[in-house]
Amino acid sequence: MSPIKLNNSAVIGSELALSWSDGLESYLNFETLRRACPCAACQGEPDVTGKVFMPNLTYREQSFQYLRHQLLGGYAIQIFWADGHSSGIYSYELLRSLGSPA
Ligand SMILES: [Zn+2]
């Protein structure tokens, strides 16, 4: 089994469209993407007791404005947002799960 690759990406309206090497296409709304940002600042980190402290997040209009992304090592993309946030590393697995039909 060869790993799934990202063939192409395009911005369509307020969505990031991704096409994958297995033929699947994902359409990811910017707001959904930002709220799913997997970085520790957005999703919280477990403390020494294993309890996850959830950060109190405030989003601005720019928080949901996608600027660009860059590919990371063939397994993830890093997304840059208009409010300066860019620490989220979105694995292909995460992107495909976000983009799949409910
Ligand atoms: Zn984040």
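User: What percentage of the 102 residues of the protein chain count as buried?

Analyst: This is a predicted model, in which local features need pLDDT of at least 70, side-chain atom pairs count only at pLDDT 80 or more, and totals for chains, interfaces and linings use all residues. Residues are numbered from 1 along each chain as its sequence is written. A residue is buried if 20 or more other C-beta atoms, placed from the backbone, lie within 10 Å of its own, exposed if 12 or fewer, and partly exposed in between. Of the 102 residues of the protein chain, 14% are buried by that rule.

User: How many residues of strand β1 are buried?

Analyst: Strands (E, at least two residues) and helices (H or I, at least four) are DSSP runs, numbered from the N terminus. In strand β1, residues 6–12, the number buried is zero out of seven, so the strand lies largely in the open.

User: Which strand pairs with β1, and in what sense?

Analyst: Two strands pair if DSSP finds at least two bridges between them. Here β1 pairs with strand β2 (residues 15–20) in the antiparallel sense over six bridges, and Leu6 has Trp20 in β2 as its bridge partner. The two strands form a hairpin with two residues between them, where Gly13 in the turn has a positive phi of about 60°.

User: Why does Cys37 count as buried, and which residues does Cys37 touch?

Analyst: Cys37 counts as buried because it has 21 C-beta neighbours inside 10 Å. Contact requires the C-beta atoms of two residues, placed from the backbone, to lie within 7 Å; leaving aside residues up to four places away in sequence, Cys37 touches Cys42 and Gly88. Cys37 itself is found in the loop between α1 (30–35) and α2 (40–43).
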